[in-house]
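These are my notes from a first pass through the structure. I took a few places in turn and wrote down what I looked up at each.

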Amino acid sequence: MADEVSNKQVLLKHYVTGFPKESDMEIRNTTIKLKLPEGSSGAILVKNLYLSCDPYMRSRMGKTEGSYVGSFTPGSPMTGFGVARVLDSTHPNFNKGDLLWGMIGWEEYSIIPATQGLFKIQHTDVPLSYYTGILGMPGITAYGGFYELCSPKKGDRVFISAASGAVGQLVGQFAKLLGCYVVGSAGSKEKSWDQFCTTVKHFIHVLYLHYLLPVNSSTEFPCLTGHLKVDLLKNKFGFDEAFNYKEEQDLDAALKGCFPEGIDIYFENVGGKMLDAVLMNMRLHGRIAVCGMISQYNLEQTEGVHNLLCLIPKRIRMEGFLAFDFYHLYPKFLDMVLPQIKEAKVVYVEDIVEGLENAPSALIGLFSGLLFHNCSSLPRFPIAGMCFPWKSFVLTLIYAHFIEFHVKVKPTILFSFLMVALAFKIYVFRSVFLEGKRMAEEVRNRQVILKNYVSGIPNENAMDMKIGTINLRLPNDSSGELLVKNLYLSCDPYMVTRMRELQGGLVEAFTQFTLGSPIVGFGVSRVEDSTHPNFNKGDLVWGMTGWEEYSIISSPETFLKIEHTDVPLSYYTGILGMPGITAYAGFHEVCLPKKGERVFVSSASGAVGQLVGQFAKLLGCKVVGSAGSKEKVDLLKNKFAFDEAFNYKEEEDFDAALKRYCPEGIDIYFDNVGGKMLDAAIVNMRQHGRIALCGMISQYNLKKSEGVHNLLCLTTKRVRMEGFVVADYYHLYPKFLEMVLPLIKQGRMVYVDDIIEGLENAPSALVGLYSGSNLGKPVVAVSHD
């Protein structure tokens, strides 16, 4: 007969909404036999030594659906990460006496029927409580999130929110070891580290006296408790700078003060307003690891994040993750971290809360900021509370030969004569021929200029038609320039952002149009004159040109020659131009698609969307698209062969619409819209889904972008969301043409553009793009010459 002992448990009484309270939990006293039941197989019975309280547990206290881990069951013990000792085992990999860490119950003893995700503790020359923190889930979280997701480099500028937490303090130290500049935010500032330690020591003395334990004034304590600390980050963990976010009225200004050159890596633990401010301060090709969003866990409606548009022009990768995804790296992690702990190159601070009966208050303290870092129990007690997660001469020679043999002059005289003759020939050539060419015809040059910056929906009044003149030859001192005649101009959604007076983080990402000067966009042109070695008169090109009849291109390096003229030239504003390479790169390079995946494309009948859908179908994916009219929906299904399509204007609930058309979820979302559609798509993403942020047309005409509320799903579903710009993929253009041209000629890819005749109609064509009046890609035909 096995011993039967008391087994104290912490139960969830009921599902929680809003801020959790101790009264949402209760202590239950029950009994358990210290022997596994007969017939059990592959199970273990453990005595729990340390329990970890982590921010993610709040979501499990509510009724959740579709999460990576289910809700707690009311009336049953809560579960979390902890350290335990095996008392009995019918599993071949675990023996009595083994120490382990992993997911265990909030109780004194637990029977664990499934041992996946449990790790044996081999190294006991460090505090066991460390396996709830630096050597446990928070440690592998910090290691995997920073090294694997953020791809850090020496000299990167790193910002960590909730930086004094169990994960944040480690991320900061890993970054410092790599040679990064590190800044953290926390929730309080103690007067000094020494005073803080004195306060903590006094508290622990009281704690020890309360339990009648021996202690003396020289005792060193492994645990700390108190408020989150700015001084701790700088004085204990070696951060370069830190600030108390509670003292900052303007988080954007605070970040600019710490990062005048911007942020390369943001390790996100907070969400909400902090994330919004960080987005404005990210550098090009920045990386955001979404570890958690503790500021949002207790809100019935999460705060909206308004600055996601910054992800696109800054080419930011934002990716959620879970520790489970990096468990295979645990041995490698230990090989790195254990020596650093023993050499004191990495330090760790944890809070110890004594006794299972105090676990509810420890967990609540995590969300109120009363706890410091990672909490676990003192060795003398059976259970404890919490882990708080951080790129002519030939003619001259003939002439000289004649003089030498027929005139018979001396060589030196001959040489002088030749030089004078050569100089004379060059002079005559330049004067008669080149200068003659420069005295070229001057012609009319109509231009569409920006008259004033716009706010809200653009209208034709913001633009004006200006008539000037231009010389059809480049100036005499021109070097490396082109003079082109514009044939087709492209109307693209992003252009409205350049029509605004830009502020904040978008200033460095976009170049606003200059008032009184021609609008600029992609187009197809013919070279009329060139002083650039790579271009000749008559060449057809596509690239960024002015909204005018003729343009002088001072930096034509990004212009691409048109070699294939057996397709309509207008295609080089669309399927064979910027939209084409955008769709190709965004889908194949950013989304990394696989056959059979479920793909959703918003604004799917647009210049880019119609191509993404066809690329996906060619790969064997299931494709759903949204558009803004019945005609466009019919086009998607009948012309572009989408599997399904819907008119978003007829849908009151985007989430319900996506569940209806994508019942198994979405693997790839190609976002051209942003706002509410993005919010709904995030909720419907499958695990390890990918979101390519190409554009956010629904947000371009708003003074303040709509907030996106469901970003926490990035973490739980391990979704990668990445903004991109076509210029980063121009090197793939030859490969793209090799793929697409045959498909066009074989009729396996089709394209619809909407041709508007005449430069005078360009303003209305551009404005029509934002009202959805176009059917296909809007293109302005300036000249058919």
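I began with a rule for helix length: the expected span of a helix is 1.5 Å times one less than its number of residues. The model I applied it to is a predicted one.

Entry 1, helix H8. I looked up helix H8, which covers residues 330–342 and has 13 residues. Counting 1.5 Å a residue by that rule, H8 should span 18 Å, and its end C-alpha atoms are 18 Å apart, so the two agree. I then asked which residues of H8 are buried. I found Tyr330, Phe333, Leu334, Val337, Leu338, Gln340 and Ile341. An α-helix has 3.6 residues a turn, so residues three or four places apart point the same way. What do the buried residues of H8 pack against? I noted S5, strand S7 (119–120), helix H2 (137–149) and helix H3 (168–178). Just after H8, I saw that Ala344 takes a positive phi of about 60 degrees.

Entry 2, strands S3, S4 and S5. I followed S5 back to its pairing partner. Strand S4 (residues 79–89) pairs with strand S3 (residues 44–51) in the antiparallel sense, over seven bridges. S4 also pairs with S5 (residues 99–105), again antiparallel and over seven bridges.

How many aromatic pairs does a search of the whole structure find? I recorded 35. One that I checked is Phe146 with Tyr147: the ring centres are 5.2 Å apart and the planes stand at 70 degrees, so this pair is edge-to-face. Phe146 is buried, at a relative accessible area of 0%, whereas Tyr147 is partly exposed at 23%. Ring pairs join both residues into a cluster whose members include Tyr56, Phe81, Trp101, Phe119, Tyr330 and Phe333.

I looked for lysines placed over aromatic rings. The charged end of Lys120 sits over the ring of Phe94, 5.8 Å from its centre. Lys561 lies over the face of Phe535, at 5.8 Å from the ring centre.

I located Lys485 in strand S18 (residues 482–490). Is Lys485 buried or exposed? It is buried, because its relative accessible area is 12% and the cut-off for buried is under 20%. Setting aside residues up to four places away in sequence, I found that Lys485 touches Val524, Ser525, Arg526, Glu528, Glu549, Tyr550, Ser783 and Asp785.

Ala781 belongs to strand S30 (residues 777–781) and counts as buried at 1% relative accessibility. Beyond four places in sequence, its contacts are Leu487, Tyr488, Ile755, Ile756, Glu757, Gly758 and Leu759. From C-alpha to C-alpha, Ala781 is 9.8 Å from Gly523, although 258 residues separate them in sequence.

My last stop was the loop between strand S27 (685–693) and helix H18 (712–716), where His709 lies. His709 counts as partly exposed, at 26% relative accessibility. Which residues is His709 in contact with, leaving aside neighbours within four places in sequence? I listed Gln301, Thr302, Glu303, Gly304 and Asp679. A polar atom of the His709 side chain lies 3.4 Å from the backbone nitrogen of Gly304. Asp679 is 30 residues from His709 in sequence and 6.5 Å from it in space, C-alpha to C-alpha.

How values were computed
Residues numbered from 1 in each chain as written. Predicted model: local features only at pLDDT ≥ 70, side-chain atom pairs only at ≥ 80, totals over all residues. Heavy atoms only, no water. Helix = DSSP H or I, 4+ residues; strand = E, 2+ residues; numbered from the N terminus. Buried < 20%, exposed > 50% of the residue type's maximum accessible area, 1.4 Å probe, protein only. Contact = heavy atoms within 4.5 Å. Polar contact = N/O pair within 3.5 Å; in protein donor to acceptor, adjacent residues only side chain to side chain. Pairing = 2+ DSSP bridges. Phe/Tyr/Trp six-rings, centres within 6.5 Å; stacked < 30°, edge-to-face > 60°. Lys NZ or Arg CZ within 6 Å of the ring centre and 35° of its normal.
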